[in-house]
Amino acid sequence: MAIKIILICLIFNLFCSCLAFECGPLQDFCVPDNLAMLNGFICKNPMLAEANDFHYSGLDEPKIRTTQSGVIVTPVSVAQVPGLNTLGISMARVDYAPGAVNPPHFHPRASEMLVLIEGSLHVGFVTSNPENRLIQRVIQTGDVFVFPLGLMHFQRNVGNGNAVALLALNSQSPGITTIRDAEQNLPEELIPRHYT
């Protein structure tokens, strides 16, 4: 009987070992040779990498363009900094006009950490089913708030002036789905009447 238990444990151990994988990168970096590929960029020769592959300039500049929502996002992902490829990180600067709302949205491939650099924001997210609980608060300059992977979240400028935040995301390409925009693509019969 003891031999059977040991054999089962060994087989289980071997099976688990076969399922193991390397989470970390297998090389120092992988600067894409061509950004035209959607997923999994081919690396260029590391000897051809240069400082510009790892550099971005401009996050210190306030954005003055106007948008319908009053929110301007300046992303810094693999599209702007090719050296981010395979590193699993990206960031963004978000400028909020007074009263502006970054509408409910989610990132399918990333959690988000928001650091408020200037102003006051009402922030929050909704937990998944069945609770669908709203977790929210008003944050001030210097505060940090975290939005978990895949959960719908929002930000609203509740201060008297502009607000500025820096975001850190744990994906080189976090993606974004805005709930309002997604609903506009659904057939009308799929949207409950109390929404319209």
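The model described here is predicted, and its secondary structure amounts to two helices and ten strands. Read from the N terminus, the elements of the protein follow the order α-β-β-β-β-β-β-β-β-β-β-α. Of the 196 residues in the protein, 31% are buried.

**The open sheet**

- An open sheet is formed by five strands, which are arranged in the order E6-E5-E8-E3-E10 with antiparallel pairing.
- The edges of this sheet are strand E6, covering residues 134-140, and strand E10, covering residues 177-178, each of which pairs on one side only.
- Strand E5, made up of residues 120-126, runs antiparallel to E6 and is joined to E6 by seven bridges.
- Within this pairing, glycine 124 has glutamine 136 of E6 as its bridge partner.

**The largest pocket**

- The volume of the largest pocket is about 490 Å³, and among the 23 residues that line this pocket, those closest to its centre are Val73, Asn102, His105, His107 and Ile176.
- At least two lining residues each come from strand E1 (71-76), strand E2 (90-96), strand E3 (101-106), strand E9 (163-169) and helix H2 (179-184).
- The most is given by E2, which contributes four residues to the lining of the largest pocket.

**The loop between E8 and E9**

- Glycine 159 lies in the loop that connects strand E8 (153-157) and E9.
- The relative accessible area of glycine 159 is 23%, and this residue therefore counts as partly exposed, given that the class lies between the cut-offs of 20% for buried and 50% for exposed.
- Although glycine 159 and alanine 97 are 62 residues apart in sequence, their C-alpha atoms are 9.5 Å apart in space.

**Salt bridges**

- The count of salt bridges comes to three.
- One of them joins lysine 44 to aspartate 53, with the closest N and O atoms 3.1 Å apart, and both lysine 44 and aspartate 53 are buried.
- Another is formed by the side chains of arginine 93 and aspartate 95, at an N to O distance of 2.8 Å.
- Arginine 93 counts as buried because its relative accessible area is 6%, and aspartate 95 is likewise buried because its relative accessible area is 7%, the cut-off for this class being under 20%.
- A further salt bridge brings together the side chains of aspartate 181 and arginine 180, at 3.6 Å from N to O.
- Aspartate 181 has a relative accessibility of 37% and so counts as partly exposed, and arginine 180, at 46% relative accessibility, also counts as partly exposed.

How values were computed
Residues are numbered from 1 along each chain as its sequence is written. This is a predicted model: local features need pLDDT of at least 70, side-chain atom pairs count only at pLDDT 80 or more; totals for chains, interfaces and linings use all residues. Side-chain values use heavy atoms; hydrogens and water are left out. Two strands pair if DSSP finds at least two bridges between them. On a 1 Å grid over the protein atoms alone, a cavity is a set of points where a 1.4 Å probe fits but cannot get out, and a pocket is an open set with protein on both sides within 12 Å along at least five of seven lines; lining residues have an atom within 4 Å of a point. Grid points are joined across faces, edges and corners, and a volume is the space filled by probe spheres set on the points. Buried means under 20% relative accessible area, exposed over 50%, partly exposed in between (1.4 Å probe, protein chains only). A salt bridge is a side-chain nitrogen of Lys or Arg within 4 Å of a carboxyl oxygen of Asp or Glu.
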